[in-house]
Amino acid sequence: MRGERSPQRRRMDAALDEKSRKRKQIQNELFRVSREGVASGDPDDEESQPKCKKVRLSTKLFVKNCEISHDQLRELLKSAVLGKQHKSTEHGGPKLGWCHLSHPKHLKSVVVIVLQGVSQLHFYKFYLQFKHLRKAFKHRFRLPVPSANFLADIIGEQPNGNKEEERILPTPSAMQVSSSLANSQAITDLQNDPIIRKYGYEKVGLVRCLLTKEEMKKFDFPLQGLANCKNFVSTECVGPVSNSSPLFGLDCEMCLTPNGNELTRVSLVDAEGRCIMDELVKPDNKILNYLTRFSGITRKILKPVTTKLRDVQAKLKKLLPPDAVLVGHSLNADLQALQMIHPNVIDTSLLFVRDLGRRFKLKFLAKVVLGKEIQCSDKVGHDSIEDALATLELAQYFIKHGPRKIAEMKLDTAVNSQQFLASPKQRNTLPLCPSGPYKEARPSTDATWQKNAGILECLDLAGQKLLFLSQEAGGSTLTSSRFCQSILCTSDEEVLEQAQAEVPLSSFSVIQFSQWPHPLPPSLTVEMHKKLKVKWAEMSTVYAGPFGGSFCLKPLKKLFASFGPVRSFEVILETDEPYVCIQYGILEAAQLTIETLNGACVQGARIKVQRPVQELTLDCDTMVSSLERDPENESTIYVNGMKESYTEEDMFQKFSLLPNLEAVFLPVDPQSKKHKKYCFLKFRSSECAHSALKILQGPTGLNWKLVCRRALTPSHLHEWICHSCPDPGSPQAFDVVPLASKEKSPSVNKSPQGEELKVAMSRLDERIQKLHGRLPPGTLCIVLLPGTKSVHGSSTGLGLISINDDIKSATPEVL
């Protein structure tokens, strides 16, 4: 009949119905697992959590394992510095070619830690020693072999102001024209000076120099009614202020406690320069760091002190008359430490402010304006009486001589290396992005400038300086830059000590640890490289058996190949019963084989599957367990059983039903250019990967004929291993095939230098942990292992990224 279907058509319809039924079954399973994920409170499930604007780094493009160049890394750092100045995506983050930084305006600071002489090879050779580094830094990427000046590549070229321009003597006529132009330019510069724009040319009285309520609120001064000032004490100086009101210079020194900066010393000088109060104060909370380099306070000095904050608050209230005007440099930090509210203030860091909101340090203003040397290097810490007197005299000088006198001093060009150095109190008040009335001084839409500018120029635009800490032998050109505040130390221990005090107060810091007094011998690096290749090959090798004498080899090979790519398959006949030795191309395949077949019945024989028990594999279980818990591997699944004809688009479509799948990494055979039969699936979080594993390994997942488990090799390591461990047929294959008859390879760990390296890596990890624990939430922290380069062989670098968003992780450790 016409409406009757043919047998072939009925079979096709039945197949389609079966396919539809399976798809529906998978969807139901997905719904069930996703409901479980919501019930368990998946922290990365965006739909189940309230929207919270936190800085987040998306690294979907990492999975491609394109090597991140130094230029690309510099672009990320520039984006973090400039924040909203970059053209942004709909989420507010700058557009980069290899990652995405969301909500950069919420970024508090940027810290770059450079481990000189350390490479990706060191990281995985001493993987178990880097306990904190591998647990706390979620994102990693490969770096190219370093050039002669690694830091210059990352930070960018020095601004032109550092280079001495070629001078050509002009002709007399040209000199006259130049003089006329210079006078015109000088008038224009004077008119555009921020001090002239705010105060005019004429002299101003004391009242005109006071900060307005709006300015005090903008620059974080304590004010009545603010939520964070509920327990603050008022000085009760509410009398009317005139140009003849008394000035008082105030300066405080602070230490670091779990609650932040707390008062340890307060000094007050009157209008005649006499010190009328100088008190040491014992904080209520435990001191984590005395900040001796700035405060001059030590444990010994503060031990006998019994004066508390409430005592100095009461004394200040008695000393200050009703119309008192307090003068200080970054006075908001002093009043915050005092926990006091005072309505009439003059802040010399704002009185002498420059374009883009940039401020001078007190030491520079005292030298150039007053001709006084303060905060000398031969003294331990600052003298708060000296600083209070300097701020008082600066305010008096400004009132006496007027704004025009200050503008004509051309403070911007008065010195080279000391201008715009923010004091420790001031640094944490400087925003990452330019703010205030001058932020449009350089148009943010200048794409050409943004592309060509270096980090130092971007920081200068934002009114900041780069803080650079290193050993004196670091040899970096940053130490001579006027855009950088350099602190040179004599050892890594001193670098860490200074970094713990300075970095939390800085917006952009570069810390360089140099563990080696002398360069490592290239032969040791080559030996270590060979050693790691052999260890990785042996970890990826398994022995299975015993099998009966009548076992069939072909299905056995097919069985072991179902877990992953096999490099070599060898039958061991020297034993009483035959065994097989299988060397896999990747670690996941070997681990899956052990977990699946150990104790299983294969071809009528109950077999054992284990790694070779050799010196290099004694810690293999610990290594595998650590790799499995690695933050980068926790959210990635290894899957084997793909068809070679599949593309990444096919794979992404095949697994598109899995919850929160971000990317698919499908390796390509370098010779045939075909995709291999395994892939890596990267998910948004470890919880999402766990849910996907339930699906793939459950009754529904068995229909896909795939084997899978948590990944053990990050994509950058996988690429490196593939290049380091050639196929058995290649000339270099003898380096990696772990046969018992081979000669023992030299042991790096046994040699004195190898043991020193092991200890050195542990110390580097401890230093990073101590510094990382001090960083406030919202800090972008990048650890760079530059790599090594020599005629004997080069080793690529490694980059690790973390964004501190956990309050607990930012709690500093007690010194």
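**Close-up views of a predicted chain**

**View 1. The whole chain, and who touches whom.** Of the contacts (heavy atoms within 4.5 Å) between residues at least 6 apart in sequence, 72% join residues at least 24 apart. This is a predicted model, where local features need pLDDT of at least 70 and side-chain atom pairs count only at pLDDT 80 or more, while totals for chains, interfaces and linings use all residues. Residues are numbered from 1 along each chain as its sequence is written, and side-chain values use heavy atoms, with hydrogens and water left out. The chain has 30 helices and 26 strands, taken as DSSP runs numbered from the N terminus (helices are H or I, at least four residues; strands are E, at least two). Out of 815 residues, 52% are buried, meaning under 20% relative accessible area with a 1.4 Å probe, protein chains only.

View 2. The predictor's confidence in each residue, pLDDT, runs from 0 to 100; its mean for the chain is 76, and 70% of the residues reach 70 or more. Residues 725-749 stay under 50, and the model gives them 46 contacts beyond four places in sequence. Residues 806-815 are also below 50, with 22 contacts beyond near neighbours in sequence.

View 3. The whole structure holds 13 aromatic pairs, counted when ring centres of Phe, Tyr or Trp (its six-membered ring) lie within 6.5 Å; planes under 30 degrees apart are stacked, over 60 edge-to-face, and the rest tilted. Tyr638 and Tyr678 make a tilted one, at 5.9 Å centre to centre and 50 degrees between the planes. Tyr638 belongs to strand E21 (residues 636-640) and Tyr678 to strand E23 (residues 678-683), so this pair ties together parts 40 residues apart in sequence. Both tyrosines are buried.

**View 4. Phe665 on Phe680.** Here the ring centres of Phe665 and Phe680 are 6.0 Å apart and the planes are at 20 degrees, so the pair counts as stacked. Because Phe665 lies in strand E22 (residues 661-665) and Phe680 in strand E23, the pair ties together parts 15 residues apart in sequence. Phe665 and Phe680 are both buried.

**View 5. A ring cluster, plus charges over rings.** Phe123, Tyr124, Tyr127 and Phe130 are linked into a cluster by ring pairs. Arg134 lies over the face of Tyr127, 4.9 Å from the ring centre. The charged end of Lys125 sits over the ring of Phe126, 5.2 Å from its centre. "Over" means NZ of Lys or CZ of Arg within 6 Å of the ring centre and within 35 degrees of the ring normal.

Conventions. Buried < 20%, exposed > 50% of the residue type's maximum accessible area, 1.4 Å probe, protein only.
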